[in-house]
Amino acid sequence: MSVALSGSAASLGKDMKLGVETMVKHVNNTGGINGKKISLIALDDGYNPVKAGANVRKLIDQDKIIAAIGNVGTPTAIVTVPIFNKKKVLLFGAFTGAGLLRKTPPDRYIINYRASYAQETEAMIKGLLANGISPEEIAFFTQNDGYGDAGYNGAVKALKSTGFNNTDSLAHGRYTRGTTNIEDGLSTILDSKVKPKAVIMVGAYKACAEFIKLAKQELPNVVYLNVSFVGSNALAQALGKDGEGVVVTQVVPHFASDIALVAEYRDRLKKYFPDSPLGFVSLEGYIAAKLLVEGLKNAQNNTTEALIDSIHQISNYDIGMDSKISFSENQHQASSSIWPTVIKNGKLAPLNWSSLRR
């Protein structure tokens, strides 16, 4: 994996690595896969596209990997996805919901676990509209790159599907990746003709936290919504008392739920990394690794092509969640489920959209 172990997205990279390592340790400590152990190599790219590209080339050309898992970010994926496709090596379960990893028909060498950013922001739009907030009362604050664009474009598409086509009139503040320079983006929203009742945010936790803290001084009763990539635990910690009522959509169940897969994750994380806190991101890493292991178990040999063919054969797999998982040559995304959460007393709790009713 090439992940952000430093920089603005370090908390995400470290947690994805933690989740994957938890599954790897379990597999290796229980006999491996068909008697062979998994070797995980993790390189730090700092959420930097150039470094991510160099890392992926090293992993493929020098380390001779047959698959990468859990690579973090859309800007990095923009650079690395073409490399995986060109060199015919699998990128599995990347921590990004961007559309470039979800083509129709799908790229053979790109297979996902998580729902897309478009599906996350669509869920936000539906939740807001169903509770009395009109399209004109929705604003956006996004990272000025492919990640921000992916979430924003998904929300715009969802709004247009309801018959609202004047999306260009909605306030849209932006900020530069790797910074917390959010003032211009906030000014754009504060200066909008219609006072927003909700702000959909697609960014990193430090910038989003800074934005929310300042925005609440002028817009205290607005609903602030973030996509999963923000990093829920880090966001809640950075916001402190200003986090109350902030919404974060998730692509995995709540880590405290009684779902069988989640209970398994908690038990194994406690066993192998007892000092590490539970979290949505490490749970996602664990789920992605569990699915990849299922593919490895049934692969005819230790090659990328055999692994992909094996993953395509996964059908109605009961992973321990509410719905079963299937892949095929034309189905490269395991889950489309969204679990909304809200910060209450500094912690993430499940959210029922109806609680937003105004």
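## Contacts of L291

Beyond its neighbours within four places in sequence, L291 is in contact with F92, Y113, I314, Y317, I319, I325, F327 and A334. Contact here means heavy atoms within 4.5 Å.

This is a predicted model: local features need pLDDT of at least 70, side-chain atom pairs count only at pLDDT 80 or more, and totals for chains, interfaces and linings use all residues. Residues are numbered from 1 along each chain as its sequence is written, and side-chain values use heavy atoms, with hydrogens and water left out.

## The core

The largest nonpolar core has 125 residues. Such a core is a set of buried Ala, Val, Leu, Ile, Met, Phe, Trp, Tyr and Cys residues joined through side-chain atoms within 4.5 Å. L291 joins F92, F211 and Y224 as the members that touch the most others. Helix 10 (residues 280–298) supplies the largest share of this core, 10 residues. Helices (H or I, at least four residues) and strands (E, at least two) are DSSP runs, numbered from the N terminus.

## K290

K290 also sits in helix 10. K290 is buried, with a relative accessible area of 12%. Buried means under 20% relative accessible area, exposed over 50%, partly exposed in between (1.4 Å probe, protein chains only). Leaving out neighbours within four places in sequence, K290 is in contact with M23, L261, E264, R268, Y317 and I319.

## The cavity

One cavity of 30 Å³ or more turns up in the whole structure. The search uses a 1 Å grid over the protein atoms alone; a cavity is a set of points where a 1.4 Å probe fits but cannot get out, a pocket is an open set with protein on both sides within 12 Å along at least five of seven lines, and lining residues have an atom within 4 Å of a point. Points are joined across faces, edges and corners, and a volume is the space filled by probe spheres set on them.

The largest cavity has a volume of about 40 Å³. Its lining is F95, R114, S228, Q250, V251, V252, F280, V281 and E284. Helix 10 gives the largest share, three residues.

## The pocket

The largest pocket holds about 660 Å³ of space. Its lining has 28 residues, with K37, I38, S39, I66 and L296 nearest the centre. Helix 10 gives the most to this lining, four residues. Helix 1 (10–29), strand 3 (67–69) and helix 10 each supply at least two.
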